[in-house]
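The sequence and structure are shown first.

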Amino acid sequence: MKLHLLDLGNIEYDEGFALAGAGVSTRSDPNPASPRRKVAIIAAAIEHPKAGVVLFDTGAAPNFAELWPPPVQELFAITHYGDENRLDNALAAAGLGLDDVRAVVLSHLHLDHAGGLEFLRGRDLPVYVHGDELRNAFYAVATREDLGAYISHYLDFSFDWRPLHGDRIELFDGFLLHRLPGHTPALLGLQLELANAGTFFLTSDQFHLRENYEQGQPLGWLLRDHAAWWRSHRFVRQVAERTGARLVFGHDADVLAELKREPYYD
Ligand SMILES: [Zn+2]
């Protein structure tokens with residue numbers, strides 16, 4: 001099994017989305033600046049000996065500038081999206097093509113993770129996602145309760161949705177999904193057991209940034225369930241301590257740059 005990490009562009013946002021308390025005023029500093037942060041859009045391609053090429057997340061749609069509502073583009077500005085950041089080209093750089101993809105697993109259905117399904121529209125591919133996440137996403141768009149995080153262009157019936165259930169799903173050998181509620185009700189993290197490189201844990205947006213994990217600083221405005229987030233945090237920490245897993249956070253550009261020094265892990 002081989003793991004390729006894909007760099008699908010950069011977003012710049014107010015740090016308060018990712019880190020609780022960023023820029024908070026205090027008695028001695030009543031008017032602090034709101035810190036901004038440049039983060040990465042991260043996905044992965046896994047070459048599995050039996051299942052073939054499996055994508056874990058897809059990034060944003062290539063025509064995000066037309067599809068993302070203007071307020072979303074203001075808040076979560078994609079500040080870099082070069083040709084090399086398109087999903088098809090990022091796969092090509094890993095020696096793979098869209099034609100090689102046999103399945104897609106989505107950690108959750110936010111627009112910067114599932115919007116890249118546009119690259120796979122019309123292909124006969126299973127799209128795996130937790131069933132409770134699938135329900136939540138369609139509900140959010142239909143009711144406009146969480147519109148902006150979920151948008152409708154990829155939430156349609158033409159994709160071959162394959163809902164998964166339970167808290168722990170071994171979808172393929174050595175390819176283990178864990179339900180990590182907090183950022184969304186049923187976000188899936190991916191634990192990969194590689195023969196040489198050992199264990200990797202792709203946490204997706206349970207942790208946007210290293211600080212969320214290492215300093216136990218919860219997500220900021222992107223947090224939906226505080227108590228669940230802490231339970232998920234403790235669970236990932238326990239798995240990481242037991243397995244020595246290397247962690248890939250949902251949007252941490254520094255961690256991505258560090259890990260991308262290797263072309264792939266096997
Ligand atoms: Zn995200």
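A residue is called buried if 20 or more other C-beta atoms lie within 10 Å of its own, exposed if 12 or fewer do, and partly exposed in between, with C-beta atoms placed from the backbone. This is a predicted model, in which local features need pLDDT of at least 70 and side-chain atom pairs count only at pLDDT 80 or more, while totals for chains, interfaces and linings use all residues. Residues are numbered from 1 along each chain as its sequence is written.

**Overall fold**

The protein chain has eight helices and 12 strands; these are DSSP runs numbered from the N terminus, with helices being H or I of at least four residues and strands E of at least two. Its radius of gyration is 17 Å, close to the 18 Å given by the globule rule for 266 residues, so the chain is as compact as a globular protein of that length. The radius is taken over C-alpha atoms, and the rule is 2.2 Å times the number of residues to the power 0.38. Along the principal axes, the C-alpha atoms fill a box of roughly 60 × 45 × 35 Å. Buried residues make up 42% of the 266 residues. Of the contacts with a separation of 6 or more, 71% come from residues 24 or more positions apart, a contact being two residues whose C-beta atoms, placed from the backbone, lie within 7 Å.

**The seven-stranded sheet**

An open sheet of mixed pairing is formed by seven strands in the order β4-β1-β2-β3-β5-β6-β7; two strands pair if DSSP finds at least two bridges between them. β4 (77-80) and β7 (160-164) stand at the edges with a single partner strand each, so one side of each has no neighbour in the sheet. From one strand to the next, the twist averages 30°. Strands β2 (residues 36-48) and β3 (residues 52-56) run antiparallel and are joined by five bridges. Alanine 45 stands opposite leucine 55 in β3.

Helix α5 (residues 131-143) lies across β6 (126-130) and β7, at about 90° to β6. Such angles run from 0 to 180 degrees between N-to-C directions, with axes fitted to C-alpha atoms, for helices over the stretch in contact.

| Helix | Buried residues | Exposed residues on the face turned away |
|---|---|---|
| α5 | Glu133, Leu134, Asn136, Ala137, Ala140 | Tyr139, Ala142, Thr143 |
| α7 | Trp229, Ser232, Val236 | Ala227, Arg234, Gln238, Glu241, Arg242 |

Just after α5, arginine 144 takes a positive phi of about 65°.

In α7 (residues 226-243), the end C-alpha atoms are 26 Å apart, which agrees with the 26 Å that 18 residues should span at 1.5 Å a residue. The expected span is 1.5 Å times one less than the number of residues. The buried residues of α7 fall within an arc of 65°, so they line one face of the helix. Their cover includes β10 (188-194) and β11 (198-204).

**Aspartate 112**

Aspartate 112 lies in helix α4 (residues 111-114) and counts as buried, with 28 C-beta neighbours inside 10 Å. Leaving aside residues up to four places away in sequence, aspartate 112 touches Ile11, Ile41, Gly59 and Ala60.

Terms used. The arc is that of the directions from the helix axis to the C-beta atoms.
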